[in-house]
Each structure stands twice: as C-alpha cells, then as structure tokens.
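Open the model in your viewer and keep the selection panel at hand. Each stop below names what to select and then what is there.

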Amino acid sequence: MTDAAKSKFTPRVFSGIQPTNHLQLGNYLGAVKRFVEMQNSGIETIYCIVDLHAITVWQDPVDLQNATRELAASYIASGLDPKRSILFNQSQVPGHAELGWIFNCVARMGWMNRMTQWKDKAGKDAEKASLGLFAYPSLMAADILLYHATHVPVGEDQKQHVELTRDIAIKFNHDFKVDFFPVTQPVIEGAATRVMSLRDGSKKMSKSDPSDASRINLTDDADTVAQKFRKARTDSEPLPETLEGLKDRPEARNLVNIYAALAEMTPEAVVAEYAGQGFGTFKPALADLAVSKLSPIADEMKRLMADPAEIDRILGDGAARANAIAEPILAQTYDIVGLIRSRRT
Ligand code: AMP
Ligand code: TRP
C-alpha cells in the first residue's frame, strides 16, 4: 500500500473460497484459520463463497448448492461468526458481476495470459476453456475492490491474482485520473501458506486432486485422518535438530509445517521438540493433534448442515450487509466511468 492509500482507506479484509468439493487442510490452515484470526483481531472482515468463480468450470447445479452450504458451515464451524464478519455467497450481490465487467475492460489480455492458474487449469486445450475461466482474475479483483478492501488473506497460490488486482486498481485510477481504488495488500503469513500433498511433496494439497489420500478433508473422521498421516510419504531419517536439516526433505518439512500451524508453534520449535525422533513417533503425534483440532469442526459442520434453511438465512443476511457497502462504491464507479445510473434501489 502507498502511504496515501494507507491514510485514505480504512482497513478492511476481504477473502473468498470456491464452493467446490470439501475443504481440505490446506484451505483451513492457509485460509479459513487466518480469516478467523483476522476477524478476532477486530478489523472489519468480509468473507465470500465465490460461486460465480466456481462455475468457470462445469458444476452440477445440485452439487453446487450443497457445496455452497457446506462451505458456509465450514466457515462457521471453524470460528467465523456471521454477526462479526459478513458471510455471503457472491452471486447474491450483483455488484461483483457488474464491477467484474468494468474490470474486463480495464485489464489486458496479456495480463490474463500470464496467470499461472489459468495456464494450469486451461491446460493444453485453452481453446476449449470457458471465457469465464480466462476472465477469472478480473472477477476476483472486482470481489476485492467492490468493498475497497485493503487486505486479502490467501494462500501462496493466490499471490499472483492479488498482484493483478493491484495492477487493475492502479490502471483504473490512472486511466480515469482518480484515487478511487485502494492498492490492496495480500496477507500470506504463517507456517502453512502452502500445504503440500501427503503423497507428493512437490505438489500442493488440493481439493481437486484425484487421490483422496493426498489430502485431509475437514469432513474426514478421526480414523481416516490418522490413517492418512500414517501413510503419508516421508523419508526414513529421524527429525533433525534445526530446520536447516529439512532443506532437501520436502515431505518431512510439510508435516512439520502442518504440525506447527495446527499447534500454533513455529516450525523451529517443532523440530526442537521432536529432534532425533522418527516418523513412527511424529506421525501419530501429528494425527492426534490434527484430530483434536479438526474433529470439533467436523461435528459442528454436521450440526449446521442439518438445517440448510438457517444457512440460507445467514447467507441472505450477509448478502444484504455486503450489498449495502458495495452499492455506493459501485455507484461512484459508474459515475467515474461515465455510465448513467439514475435508478436507485
Ligand atoms: P481454493 O480451494 O483454490 O478455492 O482456495 C481457497 C483458499 O485456500 C485460497 O486462499 C488458497 O490460497 C488457499 N489454499 C488452497 N490450497 C492450499 C494449500 N495447499 N496450502 C495453503 N493454502 C491453500
Ligand atoms: N481465486 C481464489 C481461489 O481460488 C478464490 C477467490 C475469489 C478469492 N475471489 C477472491 C480469494 C477474492 C481472495 C479474494 O482460492
């Protein structure tokens, strides 16, 4: 953030997750747990379920609705308080799509072409990818800037998209000679900004990995969690005394990072505690720790999911509050661009 932006924009946090599949441990440690910490720090927080992003690739309509409610339940079960934070699904606030369109006209094709997530998701057959998938980062910029959000907590993989959001804000401000959109900061902190697959230390843990053994889902029961950690790929060396010793041991480093994030310790403190111990000791300790942190969340999710109408009510309430912040910002954007908007709701 520039100093000018710092003084002009009050701190506001925005982040989002796509409602696709179950949340995995990487989402929890890299995103949701951080969202809750930010909420509890007293800053204004807005958290979104980005269903419009989800449909950039095919989603079965019934599955999409279920995944949206399940993600809302995961957020709340993890400690997000829908009274203190604003929690809603993106498609209920029309400003996201409206500002997204304006940003489609600000962002350049070349910028989108450079996005690694686009290259990964579109694969070799980019011709067959949806236009929405290509424009995905510009909708993400709209999500953030529709609220003049100053801080965006995300995992490492979203850094490039937040940087693009900054580029869009800067270009918009420059083209229209205004100081209207903040230059947002990504917040990528903690021991678990990039949780890796349990089967392959060079791949990130992902909801969409075909191997269920590669990840811990928030919905996994205690036995499944323990079994997945037991089978996690590692080497046969004991844990070293310092982090230096994990330099070329990505799988071991990943488990240490997960332990640190769950226990709210530094990775240095974890290796100091387990120095000289083998995985025969460390893995069960990690599994116990994970179960003790995750099973209350899974139980609470089940309870919340039993009342989908209540979840829908919470999302509707959040959408109304989000819309109240978005509307004046969108109205001013229309004005700046020269779009007549005489209707007022
Ligand atoms: P997604 O599942 O792609 O919608 O991601 C939702 C959020 O979780 C984003 O902030 C991601 O950066 C974060 N995230 C996803 N996978 C991981 C991971 N393996 N490690 C850390 N953060 C992650
Ligand atoms: N692209 C993000 C992801 O896949 C999700 C997302 C959409 C997001 N809009 C956002 C994250 C706005 C932060 C802020 O994880």
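This is a predicted model: local features need pLDDT of at least 70, side-chain atom pairs count only at pLDDT 80 or more; totals for chains, interfaces and linings use all residues.

Step back to α11 itself, residues 250-263. The helix has 14 residues and reaches 20 Å from its first C-alpha to its last, close to the 20 Å expected at 1.5 Å a residue. To show the buried set, select Glu251, Ala252, Asn254, Leu255, Val256, Asn257, Ile258, Tyr259, Ala260, Ala261 and Leu262. Then display the helices that these buried residues pack against: α2 (25-40), α10, α12 (267-274) and α13 (279-305).

Is lysine 228 buried or exposed? Lysine 228 has a relative accessible area of 7%, under the 20% limit, so it counts as buried. Where does its side chain reach? The side chain of lysine 228 reaches the backbone oxygen of arginine 215 at 3.0 Å. Beyond its neighbours within four places in sequence, lysine 228 is in contact with Leu198, Asp212, Ala213, Arg215, Ile216, Asn217 and Asp220.

Next, select ligand 1 and the 17 residues that surround it. The closest are Gly155, Asp157, Val195, Met205 and Lys207.

- From a nitrogen atom of ligand 1 to a polar backbone atom of methionine 205: 2.9 Å.
- From an oxygen atom of ligand 1 to an N or O atom in the side chain of lysine 207: 3.1 Å.
- From an oxygen atom of ligand 1 to a polar backbone atom of glutamine 18: 3.3 Å.

On its own, ligand 1 has 480 Å² of accessible area, and the protein covers 92% of that.

Move on to arginine 114, in the loop between α6 (109-113) and α7 (116-122). Leaving out residues up to four places away in sequence, what does arginine 114 touch? Arginine 114 touches Lys119 and Gln160. Glutamine 160 is 46 residues away along the chain, yet its C-alpha is separated from that of arginine 114 by 9.5 Å.

Finish with two cysteines. Cysteine 48 counts as buried because its relative accessibility is 0%, whereas cysteine 105, at 48%, counts as partly exposed. How many disulfides does the structure hold? The structure holds 0 disulfides.

Terms used
Residues are numbered from 1 along each chain as its sequence is written. Chains are lettered from A and ligands numbered from 1 in the order in which they are written. Side-chain values use heavy atoms; hydrogens and water are left out. Helices (H or I, at least four residues) and strands (E, at least two) are DSSP runs, numbered from the N terminus. Contact means heavy atoms within 4.5 Å. A disulfide is a pair of cysteine sulfur atoms within 2.5 Å. Buried means under 20% relative accessible area, exposed over 50%, partly exposed in between (1.4 Å probe, protein chains only). A residue is near a molecule or strand if one of its heavy atoms lies within 4 Å of it. A polar contact is a pair of N or O atoms within 3.5 Å; within protein, one must be able to donate a hydrogen and the other to accept it, and residues adjacent in sequence count only if both atoms are side-chain atoms. Accessible areas come from the Shrake-Rupley method with a 1.4 Å probe; for residues, only the protein chains shown count as cover. The expected span of a helix is 1.5 Å times one less than its number of residues.
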